[in-house]
Amino acid sequence: MTTPVCTGASRAAAASAGHRRYPSFSSYMRARGPVLLRTARSLTANPSDAEDLLQTALTKTYVAWERIEDHRALDGYVRRALVNTRTSQWRKRKVDEFACEELPEKETTPAPDPAEQQSLHDAMWRAVLKLPDRQRAMVVLRYYEDLSEVQTAEVMGVSVGTVKSAVSRALGKLREDPELSPVR
């Protein structure tokens with residue numbers, strides 16, 4: 001003769017624990033477990049959640065077993081534990097959705113085409129390479145390396161005014177470059 005394998009994780013765990021310390025808890029659980037499971041199922045939509053809910057309620061009952069004076073009212077005690085546990089779960093649930101008449105649609109701008117971005121980058125770099133060496137160095141330091149006018153002047157060994165005028169002339173030449181006309 002074979003012994004049936006666990007019919008429910010909650011029953012097996014509680015029965016083994018209840019049998020050691022409180023044999024009356026174990027017999028109560030075996031006798032009233034199916035009825036209490038139906039009550040738990042009425043409180044949840046998912047049968048697995050109902051089993052978890054019952055297991056939690058039975059655990060609370062087991063912990064309070066010595067304090068329960070009237071063991072004839074155990075069903076009421078467990079049912080109250082089921083309802084309280086379910087209410088606590090419901091309150092802890094975070095709600096991220098709110099009902100409204102209009103759906104908030106995100107204004108999405110189409111993502112730039114990577115091929116177009118690379119083409120623009122290449123055209124800009126070709127235009128920068130056409131600049132005289134000194135202007136090119138100042139534009140690279142100012143806009144590619146993101147140095148201030150003062151820092152650029154220190155690196156180049158010139159005055160801040162020289163950096164300002166050279167960069168201004170370089171930007172004017174870049175604006176006139178025919179390869180960069182689609183950017184304008």
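Helices α2 and α3 cross at roughly 135°, and their axes come within 9 Å of each other. This is a predicted model, where local features need pLDDT of at least 70, side-chain atom pairs count only at pLDDT 80 or more, and totals for chains, interfaces and linings use all residues. Residues are numbered from 1 along each chain as its sequence is written, and side-chain values use heavy atoms, with hydrogens and water left out.

**α2 with α3**
- On the α2 side, the contact includes F25, M29 and G33, while P47, A50 and E51 are among the α3 residues; contact means heavy atoms within 4.5 Å.
- Sorted by class, the contact of α2 with α3 has 12 nonpolar, two polar and two charged residues.

**The loop residue T44**
- T44 sits in the loop between α2 (23-43) and α3 (47-63).
- With 12% relative accessibility, T44 counts as buried (under 20% relative accessible area, 1.4 Å probe, protein chains only).
- Leaving aside residues up to four places away in sequence, T44 touches D49, A50, L53 and R86.

**α5 with α6**
- Helix α5 (residues 114-129) packs on helix α6 (residues 133-144) at about 140°, with the axes 9 Å apart.
- That angle makes α5 oblique to α6.
- M124, W125, V128 and L129 of α5 meet R136, V140 and Y144 of α6.

Note on methods
Axes fitted to C-alpha atoms, helices over the stretch in contact; angles between N-to-C directions. Helix = DSSP H or I, 4+ residues; strand = E, 2+ residues; numbered from the N terminus. Parallel < 35°, antiparallel > 145°, perpendicular 65-115°, else oblique. Buried < 20%, exposed > 50% of the residue type's maximum accessible area, 1.4 Å probe, protein only. Nonpolar A, V, L, I, M, F, W, Y, C, P; charged D, E, K, R; others polar.
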